[in-house]
Amino acid sequence: MKPLSRANAGAPEPAPVRVVHLGLGAFFRAHQAWYTHRANAEGGAEPAGIAAFTGRRPDAARPISDQDGLYHVLVRDREGDQTELVTSLSGAYDGADTARRHATFAAPEVGSVTLTVTEAGYRRGADGGPDLDDPALADDLVRLRAGNADVATAPARLVSGLLARRAAEGGPLAVVPCDNLVDNGPTLAKVVVGLAAAVDEGFADWVEHNVSFVSTTIDRITPATTPDDRQVVATLTGFADQAPVVTEPFTEWVLAGEFPAGRPEWERGGARFVDDVKPFEQRKLWLLNGAHSLLAYAGPTRGHTTVAEAIEDPICRGWVDAWWDEAARHLPLTADDIAKYRADLVERFANPRIRHALAQIAMDGSQKLPIRILPVLTRERANGVLPEGGVRALAGWLAHLRKGSDVRDPRAAELTDLAAGSVPTAVHQVLALLDPALADDADLVTAVGATLRELEA
Ligand SMILES: NC(=O)c1ccc[n+]([C@@H]2O[C@H](COP(=O)([O-])OP(=O)(O)OC[C@H]3O[C@@H](n4cnc5c(N)ncnc54)[C@H](O)[C@@H]3O)[C@@H](O)[C@H]2O)c1
Ligand SMILES: O=P(O)(O)OC[C@@H](O)[C@@H](O)[C@H](O)[C@H](O)CO
């Protein structure tokens, strides 16, 4: 079995870096790096390279940098596997490598910064600005004010990179969040401008005038890679690839916003540039991600561990259909569009060769449910409806929290405490943490309690 390298694979030399990425995870490799690779492969413009930095694990870049930035995407449909070698990563680095990060941010030929740092990684406070009660972010702010750029959180790394760009007179640039958040461009802008202002008002002003925050809807189901997946890639390609990613054939990237310093021609890879991502965003976050979260919490009560298993269970499928009916009532799309999207989702979820663990999706519920479930639930309640699917998603989350094991969430300790004890108290306390208005809704509390008892029976 050959080690993967540009020489062994006959791959082109690394392209000049035009994009910096924060959060070198699986999704970035299956999505933004893949679109950049596809755009480069189409030819025409000068190829664009990406310098990508890990978010939290210093060692995560090593297997990729040892392969000259190369890795395979393993695309799995019901019938079989296809591999594609991705060549757009020109460098993979430890996110704590401040000197490298700053040099990349400062380079005028770098025009965009993309991010996949998870919902929790944005460290937003209740007002949408930076959560300065978060100890890690507060610690980073002290460092930034002291001129020390060795910071750890994603917002602080972005701010320190922008400080380096301003100091080098690198010019304007675009920041492109690719995480599942509502209004992700303006949402990130609020965190970054707030943190910049806490460092220095003049710098916040520079950010407002020089940095464009682009909104995106991003979609490609990409589970964590397993050792078996690596073996499949080795068998198919003959390379001992240490960093392949597994994904589905479907992919979507919709973007809205300005790129003042240019960008790769991602549309050549299939990306769409629109004036407003909102209809795409609501369709995706409510129908796809909402159903994912519902299955992630309620599915295990029926013994399921993956999305594909759960969606094939007629009971779980009924839960998802109920949720989709509720969400559909509030989507600004035609009935035909919604029906087609739902049918496609059933196919995507049921793909038996994508083993998407419910436990992976269940992470960070306190950050995800307000985006995926509550917008529909609150609209339904305003219309006097007790929505079965939304209620079940909340009840499922409570069941997950009450099991107590493997709750991965920035508020895990608080949540598992609140969820313990009698059902009515647990439901009231957990809903109050999400939104006090939910806990004041007696009919909702009763319905969630009844569904929780049913799931726990
Ligand atoms: N996997 C998917 O199917 C998918 C699809 C659409 C969007 N996304 C978005 O991409 C994100 C990452 O998914 P993934 O599959 O790449 O996961 P992953 O676990 O493979 O990678 C996560 C990346 O985020 C970084 N990270 C995690 N927590 C962080 C934190 N608190 N601060 C800074 N960086 C942090 C990690 O270091 C890593 O680089 C998701 O949370 C979601 O917002 C994922
Ligand atoms: O990646 P997360 O943790 O935000 O959410 C888990 C899944 O719901 C998500 O990754 C979907 O698979 C993805 O959003 C599909 O495009």
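This is a predicted model: local features need pLDDT of at least 70, side-chain atom pairs count only at pLDDT 80 or more; totals for chains, interfaces and linings use all residues.
## Domain arrangement

The protein is divided into two parts: domain 1 spans residues 6-276, and domain 2 spans residues 279-456. Taken over C-alpha atoms, the centres of domain 1 and domain 2 are separated by 29 Å. To the contact, domain 1 contributes 17 residues and domain 2 contributes 20 residues. On the side of domain 1 that touches domain 2, eight residues are nonpolar, six are charged and three are polar.

## Surroundings of ligand 2

The shell around ligand 2 is formed by E119, N180, D219, R220, I221, L288, N289, H292, I361 and M363. By class, these divide into four nonpolar, three polar and three charged residues. Domain 1 (6-276) and domain 2 (279-456) each supply residues to this shell, so ligand 2 lies between them.

Among the elements that line ligand 2, helix 11 (residues 278-298) gives the most, with three residues. Helix 11 also takes part in two of the helix contacts described below, with helix 18 and with helix 16.

## Surroundings of ligand 1

Ligand 1 is surrounded by 23 residues, of which G25, F27, G55, G121 and D179 are the closest. The shell around ligand 1 comprises nine nonpolar, nine polar and five charged residues. Here helix 2 (residues 26-30) gives the most, with three residues.

## Helix 11 and helix 18

The axes of helix 11 and helix 18 (residues 388-403) come within 7 Å and cross at roughly 45 degrees. The crossing of helix 11 with helix 18 is left-handed.

From helix 11, the residues in this contact are S293, L294, Y297 and A298; from helix 18, they are G389, R392, A393, G396, W397, A399 and H400. By class, the contact of helix 11 with helix 18 has six nonpolar residues, four polar residues and one charged residue.

## Helix 11 and helix 16

The axes of helix 11 and helix 16 (residues 365-372) come within 9 Å, and the crossing angle is roughly 140 degrees. Angles count as roughly antiparallel over 145 degrees, and helix 11 and helix 16 are therefore classed as oblique to each other. Helix 11 passes helix 16 in a left-handed crossing.

In this pairing, helix 11 contributes L285, W286, N289, G290 and S293, while helix 16 contributes K368, L369, I371 and R372. The contact of helix 11 with helix 16 contains four nonpolar, three polar and two charged residues.

## Helix 6 and helix 7

The axes of helix 6 (residues 135-145) and helix 7 (residues 154-167) come within 9 Å and cross at roughly 20 degrees. Helix 6 is therefore roughly parallel to helix 7, given that angles under 35 degrees count as roughly parallel. The crossing of helix 6 and helix 7 is right-handed.

Helix 6 meets helix 7 through L137, D140 and L144, and the partners in helix 7 are P155, A156, V159 and S160. By class, this contact of helix 6 with helix 7 has five nonpolar residues, one polar residue and one charged residue.

Definitions and conventions. Residues are numbered from 1 along each chain as its sequence is written. Chains are lettered from A and ligands numbered from 1 in the order in which they are written. A residue is near a molecule or strand if its C-beta atom, placed from the backbone, lies within 6 Å of it. Helices (H or I, at least four residues) and strands (E, at least two) are DSSP runs, numbered from the N terminus. Ala, Val, Leu, Ile, Met, Phe, Trp, Tyr, Cys and Pro count as nonpolar, Asp, Glu, Lys and Arg as charged, and the others, Gly among them, as polar. Domain bounds come from an automatic or database domain assignment. Two residues are in contact if their C-beta atoms, placed from the backbone, lie within 7 Å. Axes are lines fitted to C-alpha atoms, for helices over the stretch in contact, and angles run from 0 to 180 degrees between N-to-C directions. A crossing is left-handed if the near helix is turned anticlockwise from the far one by less than a right angle, and right-handed if clockwise. Angles under 35 degrees count as roughly parallel, over 145 as roughly antiparallel, 65 to 115 as roughly perpendicular and the rest as oblique.
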